[in-house]
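Dear colleague,

I am handing over the structure we spoke about, and I would ask you to keep it open while you read. Below it you will find my notes on what was found.

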Amino acid sequence: MNLPPLTQAFVLHFGEMGSRWGISRTVGQIYALLFLAEEPLNADDITEKLGFSRSNVSMGLKELSSWRLVKLQHKPGDRREYFSTPEDIWEIVRILAEERRKREIDPTLSMLRQALVETPATEGERHAQARMAEMHGLIELVTRWSEDIQKLETQTLIQLLEVGSKVQKVFEIKDRLKVVAGGKSRRRAKSEGQADV
């Protein structure tokens, strides 16, 4: 690799993480390089900096393009294609979420919808279909929530994320108030019952 140490560490890490994210090491490293680059790079630049073959770089760029994670650009007087990543990191997160939903969640929802319209033939199939219905409901709920979150303006999304555990504390307080209110109601009903006797 022909990279400064800090950049190289980041690029190598992204390559290692690639397999855990479902992409190849090469694709992860190409993306990391483009993400850190000060200006768009062409395939020759990427080949030189990473030491990959030109064909590996071309295949990696095609895969990143299919994920919409790189932008293609041209420079006046230069026939080569230049690549960069979106500048806004929140846009990258939104693209990744949408693409993963299309590739991973949507096919599962389609399969579950199909399974739920089938007529089960046995008790075992009825049980399996009931479990699939639970899974379908959960995935639908999470998908709708995710779609709503993605529609938020970036600043609103940041504020929501910063609220974090404070929301949990609000729910805990609400639950405690219900318990206290429930206890008072039971005591009141009990005392009223005794008064009637």
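**The aromatic cluster**

F14 is buried, because its relative accessible area of 19% falls under the 20% cut-off. Please keep in mind from the start that this is a predicted model, and that what follows was computed from it.

F10, by contrast, has a relative accessible area of 27% and is therefore partly exposed. Both F10 and F14 belong to helix α1, where they stand four residues apart, which is about one turn of the helix. How many aromatic pairs are there by the rule used here? The count comes to four, and one of them is formed by F10 and F14, whose ring centres are 4.8 Å apart with 35 degrees between the planes, a tilted arrangement.

F10 also pairs with F35: their ring centres lie 6.2 Å apart and their planes meet at 25 degrees, so this pair is stacked. This second pair links distant parts of the chain, since F10 sits in helix α1 and F35 in helix α2, 25 residues apart. F35 is partly exposed, with a relative accessible area of 30%. Taken together, ring pairs join F10, F14, W21, Y31 and F35 into a cluster.

Which residues lie closest to the centre of the largest pocket? The volume of this pocket is about 310 Å³, and of the 15 residues that line it, F14, W21, Y31, L69 and L96 are the closest to its centre. Helices α1 (5-21), α2 (25-36) and α5 (89-117) each contribute at least two residues to the lining, which by class is made up of 13 nonpolar residues, one polar residue and one charged residue.

The second largest pocket holds about 210 Å³ of space, and among the residues that line it are N2, L3, P4, L33, L36 and K49. Its lining has six nonpolar, two polar and three charged residues.

The charged end of K75 sits over the ring of Y82, at 4.3 Å from the ring centre, while the charged end of R103 sits over the ring of W67, at 4.0 Å from the ring centre.

Most residues other than glycine have a negative phi. R68 is not a glycine, and yet its phi is positive, at about 65 degrees. You will find R68 in the loop between α4 (54-66) and β2 (71-75), where its relative accessibility of 36% means that R68 counts as partly exposed.

**The chain as a whole**

Stepping back, the chain has eight helices and three strands, which follow one another along the sequence in the pattern α-α-β-α-α-β-β-α-α-α-α. How does the radius of gyration of the chain stand against that of a compact globule of 197 residues, and what is its value? The chain has 27 Å, whereas such a globule would have a value near 16 Å. The C-alpha atoms fill a box of roughly 95 × 50 × 30 Å along the principal axes, and buried residues make up 26% of the 197 residues in the chain.

With kind regards

Conventions. Residues numbered from 1 in each chain as written. Predicted model: local features only at pLDDT ≥ 70, side-chain atom pairs only at ≥ 80, totals over all residues. Heavy atoms only, no water. Buried < 20%, exposed > 50% of the residue type's maximum accessible area, 1.4 Å probe, protein only. 1 Å grid on protein atoms, 1.4 Å probe; cavity = no way out; pocket = protein on both sides within 12 Å on 5 of 7 lines; lining within 4 Å. Points joined across faces, edges and corners; volume = space filled by probe spheres on them. Nonpolar A, V, L, I, M, F, W, Y, C, P; charged D, E, K, R; others polar. Phe/Tyr/Trp six-rings, centres within 6.5 Å; stacked < 30°, edge-to-face > 60°. Lys NZ or Arg CZ within 6 Å of the ring centre and 35° of its normal. Rg over C-alpha atoms; globule rule 2.2 N^0.38 Å.
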